[in-house]
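Let's walk through this model together, one piece at a time.

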Amino acid sequence: FAYIADVVEAKRRAPAYGLALATLGLSFTVGPPLGAFAARKVGEARVFFVSLILALFDLSFIMMALPETVHQKQDDTENKADNSPMPESVELRR
């Protein structure tokens, strides 16, 4: 969801979150019955290996195709007023 917040403009962010949540909900609803059906037809081992291949493909796609959305600026910590690990944009209530 952080990636959606980084790449989708504010006006279109709510529908994008809705689509992501709908996809997640649909996968939890359809996935187990579909997996059980496939396991009965082709065997549990094949279903496992197909799932493994899809997960590895997904991970490699994320790592290679999606660009990084957060570019950290290099701060000179000697020039900072405090050496706090918190970013400057975070405000804490006191």
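F1 counts as exposed, because its relative accessibility is 51% and the cut-off for exposed is over 50%, with buried under 20% and partly exposed in between (1.4 Å probe, protein chains only). Before going on, a word on the ground rules: this is a predicted model, in which local features need pLDDT of at least 70 and side-chain atom pairs count only at pLDDT 80 or more, while totals for chains, interfaces and linings use all residues. Residues are numbered from 1 along each chain as its sequence is written, and side-chain values use heavy atoms, with hydrogens and water left out.

How confident is the predictor? The pLDDT, its confidence in each residue from 0 to 100, averages 83 for the protein, and 76% of the residues score at least 70. Over residues 76-80 the pLDDT is below 50, and beyond near neighbours in sequence this stretch has three contacts in the model, a contact meaning heavy atoms within 4.5 Å. Where pLDDT is low, the predicted coordinates should not be read in detail.

Now for the overall fold. The protein has three helices and zero strands, giving the pattern α-α-α along the sequence. These elements are DSSP runs numbered from the N terminus: helices are H or I of at least four residues, strands E of at least two. Of the 94 residues, 3% count as buried. The protein exposes about 8900 Å², with carbon and sulfur atoms supplying 63% of it; such areas come from the Shrake-Rupley method with a 1.4 Å probe, and for residues only the protein chains shown count as cover.

Just after α2, G43 takes a positive phi of about 100°.

Finally, look at the rings. There are two aromatic pairs, counted when ring centres of Phe, Tyr and Trp (its six-membered ring) lie within 6.5 Å; planes under 30 degrees apart are stacked, over 60 edge-to-face, and the rest tilted. F1 and Y17 form a tilted pair, 5.8 Å centre to centre with 45° between the planes. F1 lies in the segment before α1 (2-7) and Y17 in helix α2, so the pair ties together parts that are 16 residues apart in sequence. Y17 counts as partly exposed, at 26% relative accessibility. F48 and F49 form an edge-to-face pair, 5.3 Å centre to centre with 70° between the planes, and F49 is partly exposed at 46%.

Conventions
pLDDT is the predictor's confidence in each residue, from 0 to 100.
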